[in-house]
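Please look over the sequence and the structure shown here. A short report on the chain follows.

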Amino acid sequence: MAASETVTLVLGEDSPLPESAADVEDLVRLLRGHVAQLGARTAPGIPALLRAQRLCSDSVPEGYMPSRVYLVRLAEATQELMAHVERGGPRPISVEGGRRWRKPRVNVLRGAVFALALACLVFAASMPRT
């Protein structure tokens with residue numbers, strides 16, 4: 001959510017260009033952080049990720065227009081990466097190690113409870129009465 005707000009702040013129709021170089025630096029820093037976070041949620045080698053990472057590794061150009069053009073390009077690359085993550089692109093391989101168990105479906109749980117209840121009923125009926 002924060003990434004889309006930052007991108008809207010840069011690319012929005014009603015958003016003015018940043019006034020000072022410090023404002024540009026702040027927005028670039030925010031966008032680079034968003035690219036790092038989004039990059040952790042995608043598989044390596046995705047073209048959108050590579051483009052965004054390449055732009056992040058570049059330094060902010062000097063001058064009014066070049067720095068604003070760089071900022072817009074970085075915001076567009078971040079937006080493209082966000083769209084890829086929202087579409088549910090391929091995920092990175094988990095490095096946690098170990099196996100993750102799938103969550104059983106509700107009907108499987110209901111069946112297991114029913115089978116256990118039936119087994120308890122059969123066991124109780126087979127006991128001799130005193």
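## Ground rules

Helices (H or I, at least four residues) and strands (E, at least two) are DSSP runs, numbered from the N terminus. The expected span of a helix is 1.5 Å times one less than its number of residues.

This is a predicted model, in which local features need pLDDT of at least 70 and side-chain atom pairs count only at pLDDT 80 or more, while totals for chains, interfaces and linings use all residues. Residues are numbered from 1 along each chain as its sequence is written, and side-chain values use heavy atoms, with hydrogens and water left out.

## The whole chain

The chain has five helices and zero strands. Along the sequence, the pattern reads α-α-α-α-α.

Buried residues make up 27% of the 130 in the chain. Here buried means under 20% relative accessible area, exposed means over 50%, and partly exposed lies in between (1.4 Å probe, protein chains only). The chain exposes about 9,900 Å², and carbon and sulfur atoms supply 60% of that area. Such areas come from the Shrake-Rupley method with a 1.4 Å probe; for residues, only the protein chains shown count as cover.

Contact means heavy atoms within 4.5 Å. Take the contacts between residues at least 6 apart in sequence: 72% of them join residues at least 24 apart.

Helix H5 covers residues 106–126, which is 21 residues. From its first C-alpha to its last, H5 reaches 30 Å, close to the 30 Å expected at 1.5 Å a residue. How many of the 21 residues of H5 are buried? The count is zero, so H5 is hardly covered.

H4 has 23 residues. Its reach is 33 Å from first C-alpha to last, close to the 33 Å expected at 1.5 Å a residue. The buried residues of H4 include Ser 67, Arg 68, Ala 75, Thr 78 and His 84. The buried residues of H4 pack against H1, H2 and H3. After H4 comes Gly 88, with a positive phi near 80 degrees.

## The nonpolar core

In soluble globular proteins, nonpolar side chains tend to be buried together. A nonpolar core is a set of buried Ala, Val, Leu, Ile, Met, Phe, Trp, Tyr and Cys residues joined through side-chain atoms within 4.5 Å. The largest one here has 25 residues. Which of them touch the most other members? They are Val 10, Val 28, Leu 31, Tyr 70, Leu 71, Leu 74 and Leu 81. Helices H1 (2–11), H2 (21–40), H3 (47–57) and H4 (64–86) each supply at least two core residues. H4 gives the most, with eight.

Now zoom in on Tyr 70. Leaving aside neighbours within four places in sequence, Tyr 70 has contacts that include Val 28, Arg 32, Leu 55 and Pro 61.

Met 82 is in helix H4. Its relative accessibility is 12%, so Met 82 counts as buried. Not counting residues up to four places away in sequence, Met 82 touches Ala 3, Ser 4, Val 7 and Leu 38. Met 82 and Ala 3 are 79 residues apart along the chain, yet their C-alpha atoms are separated by 7.9 Å.

## Salt bridges

Side chains of opposite charge can pair when their charged atoms come close. A salt bridge is a side-chain nitrogen of Lys or Arg within 4 Å of a carboxyl oxygen of Asp or Glu. The whole structure has two.

One joins Asp 26 and Arg 29 (3.5 Å, N to O). These two residues are three apart in helix H2, so about one helical turn separates them. Asp 26 is partly exposed at 38%, whereas Arg 29 is exposed at 52%.

Arg 51 and Glu 80 also form a salt bridge (3.0 Å, N to O). Arg 51 sits in helix H3 and Glu 80 in helix H4, so the pair ties together parts 29 residues apart in sequence. Both are partly exposed: Arg 51 has a relative accessible area of 26%, and Glu 80 has 36%.
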